[in-house]
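Please read the following note beside the sequence and the model.

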Amino acid sequence: MDKFRMMAQILQSNQESFMNGICGVMALASAQLYTSFEFNCPCIPEYNYSYGISMLVIPPIWFFLLGFVLNNNVSMLAEEWKRPVGQRRKDPAVMRYMCVSISQRSLIAPAVWISVTLMDGKSFLCAYSMDLDMSEFGKNVSGHGLSQEDLLRTLAKIPCKHIYDGQHILSREAATRYICCISQAFGWLFLLIITIAAFLIRAIRPCFTQAAFLKTKYWSHYVDTERKVFDETCTEHAKGFAKICIKQYFEGISGEIQSFHDNLHGDDSDDEDDKPATEEDKLMGVRRLDTMNKVLWDWHTCKPPLTLRKPGDASTGQNGDCSMNANKSQDGNVSDKTDLNEGQNGFKHGYLNPGLDIGQSELGKEYDNASFSIEQNGFTNKHSNASTSQNGLMNGCVSSPSNTQKKAWAVYYSKV
Amino acid sequence: LMDRLKLVLQYFQSNSESISNGICIILSLISVKLYTSFDFNCPCLPQYNKMYALGVMFVPPIILFLLGVLVNRHTGVLMEEWVRPLGKRTKNPAVVKFLLSSMLQRSFLAPMVWILMTLLDGKCFICAFSMNVDPKYFTGIPNSTGLELIKIMAKVPCKEDVIFKNSSFRKAVSRYVRCYSQAIGWSILLFFIFLGAVGRVLKPCFNHATFLQTRYWSNYLDIEQKLFDETCVLHARDFARKCVMQFFESMQEDVTVRMPLSSAFRPSTIHNEYEEEEEERLHGITRQDQVDHLLQTWYECKPEPGAMMPGWRIFHLHRM
């Protein structure tokens with residue numbers, strides 16, 4: 001139990017702390033970028049405002065989008081949004097939750113940039129130096145003898161220390177101080193507003209919809225975990241698939257089909273299943289190219305329902321509607337299928353499938369290939385012990401999959 | 001390395017108080033850093049000085065306080081305990097009060113650090129109150145500029161202003177106001193330390209037994225919530241793994257796989273112990289509606305803690 005607790009802690013803390021870590025790194029990057037950026041006000045009446053305001057607004061947009069790019073959950077959200085309904089209904093609350101949590105994390109770096117910019121005051125100074133109201137400084141508004149345009153041009157030079165020439169009209173330091181002070185006031189106000197908003201959202205939220213929140217949190221975490229587990233399983237499957245494929249190839253070439261075969265023929269002890277069985281188990285019965293393709297295709301187009309079967313239930317029939325499509329595609333191949341199960345004394349009907357089958361061998365040895373052909377498919381033959389006694393099917397029978405599946409459905413639904 | 005990491009994680013997560021203290025201290029350090037990197041910019045205009053200075057002295061503490069409340073774990077526990085429906089578990093207002101007070105105490109630290117820093121540094125005070133100083137106590141006031149007195153005094157915080165060149169007036173007034181500011185700062189610090197010491201010393205004299213009980217139950221609530229979240233995480237992982245496995249297995253077109261046949265057909269029995277453990281961890285919750293129901297009930301109708309434990313009844317009676 002302790003091991004599992006540790007695992008749970010690491011899992012949970014990993015996912016959250018990883019995302020928080022990225023968030024923090026981006027916030028620091030944003031602050032560092034600002035300090036290392038050389039702000040360069042043009043000091044020209046026509047361009048001051050655009051430069052100042054774009055320095056305030058465009059980098060936050062960029063950071064926000066970067067936050068989306070770096071967040072792994074974005075692709076998960078998009079996948080969940082776009083997938084066909086399949087057997088699992090879509091929950092809009094879960095998608096909203098994921099969207100909101102992604103946006104919240106992405107908003108931190110832009111907020112840091114905006115607040116640092118406002119506290120520093122340079123961009124405000126650049127943008128608004130021309131809108132300065134001279135009466136604030138007690139200066140006589142018209143006593144300087146400059147035309148309106150010249151006055152504007154002089155005021156526009158305020159942010160640039162070295163070229164300001166209006167010292168006799170208005171002290172540059174006083175104007176700078178004044179505008180910076182306003183800028184800082186806006187900065188603090190901005191911080192106060194977003195902190196209050198965050199406080200209201202996080203601290204007051206439990207007053208409303210707490211139960212629904214628990215649900216959406218669980219299911220969004222589940223979707224993430226499921227995706228990771230699926231990727232891991234596919235990797236394991238690919239490994240097992242590759243190993244067995246290569247092994248069978250070598251054995252096929254050398255003409256000796258040894259240990260693998262022996263164990264399957266031996267019905268003396270169960271222990272001998274152990275060694276090859278572990279790799280076989282990784283395959284979970286999926287042993288063909290088109291079946292694996294179907295697995296991957298259906299994972300997106302027709303996700304399984306969120307209901308686990310108890311062990312001992314019939315395995316097929318789980319994929320209700322989706323298997324209809326599969327049946328259609330397989331009807332085309334039905335004549336190609338060999339239909340032996342493993343463990344038989346090598347009787348084969350039909351012929352081997354082309355393509356990436358385990359057991360496909362160029363030798364064409366009827367006897368041996370059949371025994372490790374394909375997945376234990378629904379087509380049995382008369383000689384096989386494994387025939388489903390419930391319907392005593394012949395091989396190649398087209399209707400058999402739907403029959404067995406219908407019966408399996410009946411069994412499944414009665415148990416649920 | 002993994003072992004050490006495990007140890008560190010275990011240490012920190014086992015003691016939620018130490019995490020809260022750690023976060024509190026980090027927030028104070030952030031507050032200090034923020035103050036030192038903030039470019040204080042007194043406007044030196046009579047109508048804006050006070051507003052600016054008092055704003056800088058009081059708005060960041062509000063922000064830091066709200067941040068402190070936000071990042072504290074106890075806030076979530078407190079809110080949940082306060083708003084949950086009664087269910088099978090009675091509510092204990094003392095626990096809620098305890099959680100609230102501990103959360104508030106921790107959240108007040110960073111704001112106090114900011115305020116003390118502004119007072120001890122003195123810039124805010126000078127900016128706000130330089131106009132209230134009576135200049136006749138100081139020599140060297142520049143009265144040749146033709147500006148009103150109040151405007152001159154308002155310019156005292158700004159070093160670079162030309163009217164104060166060659167005169168020690170500005171420095172004298174600044175020193176005077178800063179001296180006041182530091183005195184106030186030190187006395188506030190002393191007051192709070194004294195208050196804390198007295199509180200610590202006198203607390204065991206009042207209601208210690210009740211205090212022990214409320215502290216225990218508030219700790220319990222915290223741990224319970226954490227454990228629930230962990231169990232949900234584990235459950236989700238096992239649920240996902242099983243779901244994926246069954247998805248793969250269902251892609252076979254064979255119904256014989258699950259039939260009680262010769263062992264050669266079975267997926268290996270080697271997995272059975274692992275499967276059993278997994279089944280156990282799933283606790284029989286294997287469907288979406290079961291999970292939803294579980295989460296809904298957890299909120300609406302929390303079970304009585306330790307209801308199955310013998311002796312609970314007796315303890316409960318004692319508490320009344």
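1. Chain B exposes about 17,700 Å², and carbon and sulfur atoms supply 65% of this area (Shrake-Rupley method, 1.4 Å probe). The model is predicted: local features need pLDDT of at least 70 and side-chain atom pairs count only at pLDDT 80 or more, while totals for chains, interfaces and linings use all residues. Residues are numbered from 1 along each chain as its sequence is written, chains are lettered from A in the order in which they are written, and side-chain values use heavy atoms, without hydrogens and water.

2. Chain B contains twelve helices and zero strands (DSSP runs: helices are H or I with at least four residues, strands E with at least two). Of its 320 residues, 43% count as buried (under 20% relative accessible area, 1.4 Å probe, protein chains only).

3. Among contacts in chain B (heavy atoms within 4.5 Å) between residues at least 6 apart in sequence, 75% join residues at least 24 apart.

4. The structure holds nine cavities of 30 Å³ or more (sets of points on a 1 Å grid where a 1.4 Å probe fits but cannot get out; lining residues have an atom within 4 Å of a point). The largest cavity has about 120 Å³ of space. Helix α9 (residues 210-254) of chain A gives the most to its lining, with three residues. The lining also draws on chain B, through Gln288(B).

5. Ser106(A) lies in helix α4 (residues 92-106) of chain A. Ser106(A) counts as buried because its relative accessibility is 3%. Setting aside residues up to four places away in sequence, Ser106(A) touches Phe64(A), Gly67(A) and Phe68(A).

Technical notes: 1 Å grid on protein atoms, 1.4 Å probe; cavity = no way out; pocket = protein on both sides within 12 Å on 5 of 7 lines; lining within 4 Å. Points joined across faces, edges and corners; volume = space filled by probe spheres on them. Buried < 20%, exposed > 50% of the residue type's maximum accessible area, 1.4 Å probe, protein only.
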